[in-house]
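The following exercises are to be worked through with the sequence and the coordinates at hand. Each task is followed by a stepwise solution.

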Amino acid sequence: MKPPVDRVAFSIFGFEIMWYAILIGLGMLAGILLAEREAKRRGLNSDHLMDVLMVALPLSIVGARVYYVLFEWEYFRAHPEQILNIRGGGLAIYGGIITAYLTAYFMAKKKKLSFLTLADITAPSLALGQSIGRWGNFINQEAYGYETNLPWAVLIDGVGHHPTFLYESIGTFSIFLFLSWFARKKQWTEGQVIFWYLILYGILRFLVEGLRTDSLYFLGLRISQLVSIAGIAMGVLGLVYIQRKKKGTSS
């Protein structure tokens, strides 16, 4: 399996538009449309949701790049001119997620909206956007794993590697389907959707990250696996808290 197209989709007055950017943009667009529909279904003013997204999404790109640059500082310290060059890749999804939800939290507080409701609405959209955006890694021939002879291996310089981008794309699409189903159940409590996202994506990313050859490290440990563990813990604690709160209310 190898990319069927060049990294460059087309050029406008000599400026190259990369497939990486197009796929990330499509992922965001799909997520926005889905979140807007979910907001209407839940009776939330979609204008309030869009106000939050129009700030959180651009900042998530900045956060994803800053996160990546910080943990690849040895390279970027020697090549500072590359810090702003994101067209060829180098966006860390966890940096984007953390920045987006921190932004949403403070904006929700300012607008007197429920942060957990916003998080629940956007969690399935996030998973769908991730599933689409990961194909940008395929075009760029990045985010792949160790060598393998499996028939679905991605070819890098003629050598087969685990297509970890594909594993994560399939996994996040499955999470999107589950969360979309769960969000439509009649009996659920605010916060459960986002907490399930944290658990499921944390498990998926922890496993996939263990196969990757381009992980970001801190003190010899894979950063994404550490963040995944933290996300799983937050999700489990959140669900336990909700369950105990429900029992306390019913009693």
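The exercises below concern a predicted model, and they proceed from a hairpin to cores, salt bridges and a surface patch.

**Exercise 1. The hairpin**

Determine how strands β1 and β2 pair, and identify the bridge partner of Ile12.

Solution. 
1. Strand β1 covers residues 8–12 and strand β2 covers residues 15–18.
2. The two strands run antiparallel to each other and share four bridges.
3. Ile12 has Phe15 in β2 as its bridge partner, while Ser11 stands opposite Glu16 in β2.
4. Two residues separate β1 from β2 in this hairpin. In the turn, Phe13 has a positive phi of about 50 degrees.

**Exercise 2. The surroundings of Ile22**

Classify Ile22 by its accessibility, and list the residues that Ile22 touches beyond four places in sequence.

Solution. 
1. Ile22 belongs to helix α1.
2. The relative accessibility of Ile22 is 22%. Buried requires under 20% and exposed requires over 50%, so a value in between is classed as partly exposed. Ile22 is therefore partly exposed.
3. With residues up to four places away in sequence set aside, Ile22 touches Ala9, Phe10 and Ile17.

**Exercise 3. The nonpolar cores**

Solution. 
1. The largest nonpolar core holds 28 residues. Those that touch the most other members are Ile97, Tyr101, Ala123, Ile175, Ile194, Tyr197 and Tyr201.
2. Consider Ile97 as an example: apart from neighbours within four places in sequence, Ile97 is in contact with Leu126, Gln130, Tyr197 and Tyr201.
3. There is also a second, separate core of 14 residues, and its members include Ala35, Leu49, Leu118 and Ile121.
4. As background, nonpolar side chains tend to be buried together in soluble globular proteins.

**Exercise 4. Salt bridges of Glu38**

Compare the salt bridges that Glu38 makes with Arg41 and with Arg184, giving the N to O distance of each.

Solution. 
1. The cut-off is a side-chain nitrogen of Lys or Arg within 4 Å of a carboxyl oxygen of Asp or Glu. By this rule there are ten salt bridges.
2. Arg41 and Glu38 meet at 2.6 Å, N to O. About one helical turn separates them, because they are three residues apart in helix α1 (residues 19–41).
3. Glu38 is buried, at a relative accessible area of 6%, whereas Arg41 is partly exposed at 42%.
4. For Arg184 and Glu38, the closest N and O atoms are 3.5 Å apart. Arg184 is in the loop between α7 and α8 and Glu38 is in helix α1, so this pair ties together parts 146 residues apart in sequence.
5. Arg184 has a relative accessible area of 41% and is partly exposed.

**Exercise 5. A salt-bridge network**

Locate the partners in the salt bridge between Arg134 and Glu168, and name the network to which they belong.

Solution. 
1. The side chains of Arg134 and Glu168 form a salt bridge at 3.3 Å, N to O.
2. Because Arg134 lies in the loop between α5 and α6 (135–140) and Glu168 in helix α7, the pair ties together parts 34 residues apart in sequence.
3. Both Arg134 and Glu168 are buried.
4. Salt bridges link Arg134, Glu168, Arg205, Glu209, Arg212 and Asp214 in a network.

**Exercise 6. The nonpolar surface patch**

Identify the residues of the nonpolar surface patch and the element that contributes the largest share.

Solution. 
1. Ile203, Phe206, Leu207, Leu221, Leu226 and Ile229 make up a patch of about 520 Å².
2. Two or more of these residues come from each of α8 (192–209) and α9 (223–250).
3. The largest share, three residues, is from α8.
4. Phe206 is located in α8 and is partly exposed, at 31% relative accessibility. Patch residues must have over 30% relative accessible area.

Terms used: Residues numbered from 1 in each chain as written. Predicted model: local features only at pLDDT ≥ 70, side-chain atom pairs only at ≥ 80, totals over all residues. Heavy atoms only, no water. Patch = residues over 30% accessible without salt bridge, like charges linked within 9 Å, V, L, I, M, F, W, Y side chains within 5 Å. Areas by Shrake-Rupley, 256 points an atom, 1.4 Å probe, with all protein chains shown as cover. Buried < 20%, exposed > 50% of the residue type's maximum accessible area, 1.4 Å probe, protein only. Pairing = 2+ DSSP bridges. Core = buried A, V, L, I, M, F, W, Y, C linked by side-chain atoms within 4.5 Å. Contact = heavy atoms within 4.5 Å.
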